[in-house]
There are 2 protein chains.
Amino acid sequence: MNIGEAATASGMSAKMIRYYEGTGLIPAADRTTSGYRIYSETEVQMLRFIRRARDLGFPVEKIEDLLALWRDRSRQSADVKRLALEQIDGLQRRIQEMQSMMDTLQHLADACCGDNRPDCPILTDLGKGISQGPLIRELTSKLQSRAGGR
Amino acid sequence: MNIGEAATASGMSAKMIRYYEGTGLIPAADRTTSGYRIYSETEVQMLRFIRRARDLGFPVEKIEDLLALWRDRSRQSADVKRLALEQIDGLQRRIQEMQSMMDTLQHLADACCGDNRPDCPILTDLGKGISQGPLIRELTSKLQSRAGGR
DNA sequence: TCTTGACCTTACCATCATGGGAAGGACTAT
DNA sequence: ATAGTCCTTCCCATGATGGTAAGGTCAAGA
């Protein structure tokens, strides 16, 4: 199976497969004499594993750990569960942060009459510049880059 | 006020102030004869406005619109409210996506006995590689870069 | 057998918000 | 005057991803 087929089969782009190989997340694929990467069903399964973990929001760092456990026949399910619970925790925290942003915005929007007059509590609030600390700012920067589109 | 003081007063790093100036989000600051940027209270207020909008998760693109409305004496509050509601919508969607990831993970973790045996439904599920479509993957990539730390 | 088109390879560039650092100039307090 | 802190610009890096360009390979059909 060449990289294009492996990409289709795993749901990842060929670009990303090469990227993961470059970063060492996956081992370097075997090559044909002409230099084409070749993939076995086992390797495609690993790629699917990675994509699925990404779908569940695991950071690449943690995926490395998950992969190690996946390959380890003598692993303990407790180790995997711990990683999953950590991930759940992280998601929970981020959800709460976003919820808090949303609540604030909703509150401001409720207070804004939304007509043709220039008075607007939303702008007034923004002008005040109340801090919400670095955690939320760290999150929002990522949301922005996502929403900004490419 | 020089850039360091403006940074402290606005809660932004000097780096970011220069960056925003470079990208045109804010107008180029006046300079002293020796080249130091100088900021008035008005400009600091604008910087605070930007940071606050970022705290609320607005993408930089939208902040540009908000800034224009902020400066526009004859704006209509409806315009501002529309932007806020759009932002609320976007946040809501992302929260739901993350919630769905979390639910799936929680489900898997619940099914995992978490002991010293190697059997683990979490790994089994990951191996199956069920797709959740591109929307969630787009979101998770951002979460990962955030969680990965720098 | 030759051609064509689809695929592969590497390498480089861009994104976006942000930080780090270097090299050199400016200001401030002792 | 000297030290130390600030400023300036410029370059580099991040992380996941896409794009593109130049060139090699392969499979199918004429």
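**Helix pair.** I began with α4(A) and α5(A), which are roughly antiparallel to each other (an angle over 145 degrees between N-to-C directions). Their axes, lines fitted to C-alpha atoms over the stretch in contact, come within 10 Å and cross at roughly 160°. Helices here are DSSP runs of H or I, at least four residues, numbered from the N terminus.

**Ground rules.** This is a predicted model, where local features need pLDDT of at least 70, side-chain atom pairs count only at pLDDT 80 or more, and totals for chains, interfaces and linings use all residues. Residues are numbered from 1 along each chain as its sequence is written, while chains are lettered from A and ligands numbered from 1 in the order in which they are written.

**Ile95(A).** I found Ile95(A) in α5(A), residues 77-111. I then listed its contacts (C-beta atoms within 7 Å). Leaving out residues up to four places away in sequence, Ile95(A) touches Ile95(B), Met98(B) and Gln99(B).

**Helix α1(B).** I turned to α1(B), residues 3-10, where Ala6(B), Ala7(B) and Ser10(B) are buried. Those buried residues fall within an arc of 105° seen down the axis, so they line one face of the helix. The arc uses directions from the helix axis to the C-beta atoms. They pack against α2 (14-23) and α3 (41-55) of chain B. Just after α1(B), Gly11(B) has a positive phi of about 80°.

Notes: Helix = DSSP H or I, 4+ residues; strand = E, 2+ residues; numbered from the N terminus. Contact = placed C-beta atoms within 7 Å. Axes fitted to C-alpha atoms, helices over the stretch in contact; angles between N-to-C directions. Parallel < 35°, antiparallel > 145°, perpendicular 65-115°, else oblique. Buried ≥ 20, exposed ≤ 12 C-beta atoms within 10 Å, placed from the backbone.
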